[in-house]
Amino acid sequence: MESVVADLEGTLLNDSNAFSYFMLIAFEASGLVRFALLLMLWPVIRLLEVFGKVDAGLRLTIFVATAGVPMSEIEAVSRAVLPKFYFDDIDMEAWRIFSLYNKRIVVTKMPRIMIERFVKEHLRADDVIGSELSENRFGLATGFIQDDFDSITRSIGALFGDEQPRLGLGRPQSGSGPLFLSMCKEEQHPPFTASKKQDLHRIIRPLPVIFHDGRLTKRPTPSAALLILLWIPLGIVIATIRIGVGLMLPMWAIPRMAPVFGGKVVVKGTPPSHAAPGNSGVLFVCTHRTLMDPVVLSAVLYRRIPAVTYSISRLSEILSPIPTIRLTRIRDVDAQKIKRQLEKGDLVVCPEGTTCREPFLLRFSGLFAELTDRIVPVAMNYRVGLFHATTARGWKAMDPIFFFMNPRPIYEVTFLNQLPVEATCSSGKSPYDVANYVQRILATTLGFECTNFTRKDKYRVLAGNDGIVSEASKGTPAKELMSIFKKIMGDFKLH
């Protein structure tokens, strides 16, 4: 069996420095204090590297980022947050060579828990060899690694036994590179170039990252991390002003005032006119990008349109500038709720049931197609610079705050034509056919891809549950506010 052993940092990934990934662990698993502390120590870590003490610098980085953090939390961040940043940094030429072999092994000095899920699921590796974080009896990371980095090379030898790997991919000057490369029959070093003899039909693509979590949009390199830390206090002030002004202004004034406060709302297409009294309302079927979708839609239509919701927090419902209708996930009960509201006027629904950050649309529920023929698809999208406005593991009530903390948040709203009667259930089409058709035209409008993934799929990947929060588990708005304050500030002590 043809086998390949490849270094992760600087080979399969373009960046040879793993510091930014430990910054992500610090931010997402612990909070701002640990994030800032690790950034403060970066000059020391860099100085150790300059003097040839690369392993010592990595040990210090691992200790500060993980000491006292629950191993379950490190695993959760490694599962939900890190894969997106790894994927964006893949060296595709190295990947093309790596993917041609039957047996694929990835080698790294980073703790194995941080990269195992990514390399096995997205890079399709058979095994990963890295350092091992030690934990205490309380399930907390001690910040130390078991054995030393030389054990990585010994593990490679134990894995292959008498067999010699066919190819080794790595930097000749990397700490582990020369050791494991010398065990291979052939070596290749970056930069890589694709061979004309490669069988292009055998090349498989890395599995794309469709679901990911975390608040940061940029990989926190030292310069980006410094920018984030400096911006957060100002961003909180700006978000408070934006939200306060937005709650006081009438709906028609919000799109006009957005540029004054650094935002922008782009409207394309022709919105339908207000339904005449006595007529059934229009059902706006939207792609779901953030919690702000129905609010922005109401703003561009100059009126407060109720929106159906699934499991947003009570605090979000209280602060919402538009009416919300909470669904029960019991089909018959929800259908009656939607019908009653449509008899009163227009309504907004997001049939994906949850948000998706990447250019993919989740499967549309067919419930909306059964209830009315007055369906107007609306393609919603947004662009931010520093912070994501959605979360699966964090506090959803913070979503609007993080959205408005961005220097220049932009929303795009594209109205499509109302569905013709022949494209609705009135013509004999099934609700699923109608839902799939709406999904396809919205995906085409946005340049996205359609998928069959659902809300459950997303939450199983990111949070290890089905994404359904019981009423008993929800706190009061006051408790939510206290929890949110603690979350945004992080822990004020190292565990």
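Modeller: Below we go through salt bridges, one serine, a strand unit and the aromatic pairs.

Colleague: What should I know about the ground rules?

Modeller: This is a predicted model, where local features need pLDDT of at least 70, side-chain atom pairs count only at pLDDT 80 or more, and totals for chains, interfaces and linings use all residues. Residues are numbered from 1 along each chain as its sequence is written, and side-chain values use heavy atoms, with hydrogens and water left out.

Colleague: How many salt bridges does the count come to?

Modeller: The count is 21 salt bridges. The rule asks for a side-chain nitrogen of Lys or Arg within 4 Å of a carboxyl oxygen of Asp or Glu.

Colleague: Which residue does Arg 393 meet in a salt bridge?

Modeller: Glu 73, at 2.5 Å from N to O. The two are 320 residues apart: Arg 393 sits in the loop between strand E14 (375-383) and helix H18 (399-405), and Glu 73 in helix H6 (residues 71-80). Helices (H or I, at least four residues) and strands (E, at least two) are DSSP runs, numbered from the N terminus.

Colleague: Is Arg 393 buried or partly exposed?

Modeller: Partly exposed, because its relative accessibility is 25%. Buried means under 20% relative accessible area, exposed over 50%, and partly exposed in between (1.4 Å probe, protein chains only).

Colleague: And Lys 84, which partner does it form a salt bridge with?

Modeller: Glu 358, with the closest N and O atoms 3.1 Å apart. Lys 84 is in helix H7 (residues 82-88) and Glu 358 in the loop between strand E12 (347-349) and strand E13 (360-361), so the pair ties together parts 274 residues apart in sequence. Both Lys 84 and Glu 358 are buried.

Colleague: Which residues are linked in a network of salt bridges?

Modeller: Arg 112, Glu 116, Lys 120 and Glu 132.

Colleague: Switching topic. Where does Ser 365 lie?

Modeller: In the loop between E13 and helix H17 (367-371). Leaving aside neighbours within four places in sequence, Ser 365 contacts Pro 351 and Ala 435. Contact means heavy atoms within 4.5 Å. A polar atom of the Ser 365 side chain also lies 3.3 Å from the backbone nitrogen of Leu 367.

Colleague: How is strand E2 joined to E3?

Modeller: By four bridges; E2 (residues 103-111) and E3 run parallel. Strands pair if DSSP finds at least two bridges between them.

Colleague: How covered is E3?

Modeller: Mostly: in E3 (residues 127-131), four of the five residues are buried. E2, helix H9 (residues 112-121) and E3 make a right-handed β-α-β unit. Right-handed means that, with the strands pointing away from the viewer, the path from the first strand over the helix to the second runs clockwise.

Colleague: How many aromatic pairs are there?

Modeller: The whole structure has 12. Rings of Phe, Tyr and Trp (its six-membered ring) pair if their centres lie within 6.5 Å; planes under 30 degrees apart are stacked, over 60 edge-to-face, the rest tilted. Tyr 86 and Phe 118 have ring centres 5.1 Å apart and planes at 40°, so that pair is tilted. Tyr 86 is in helix H7 and Phe 118 in helix H9.

Colleague: What about the rings of Phe 284 and Phe 415?

Modeller: Their centres are 6.5 Å apart and their planes at 75°, so the pair is edge-to-face. Both Phe 284 and Phe 415 are buried.

Terms used: A polar contact is a pair of N or O atoms within 3.5 Å; within protein, one must be able to donate a hydrogen and the other to accept it, and residues adjacent in sequence count only if both atoms are side-chain atoms.
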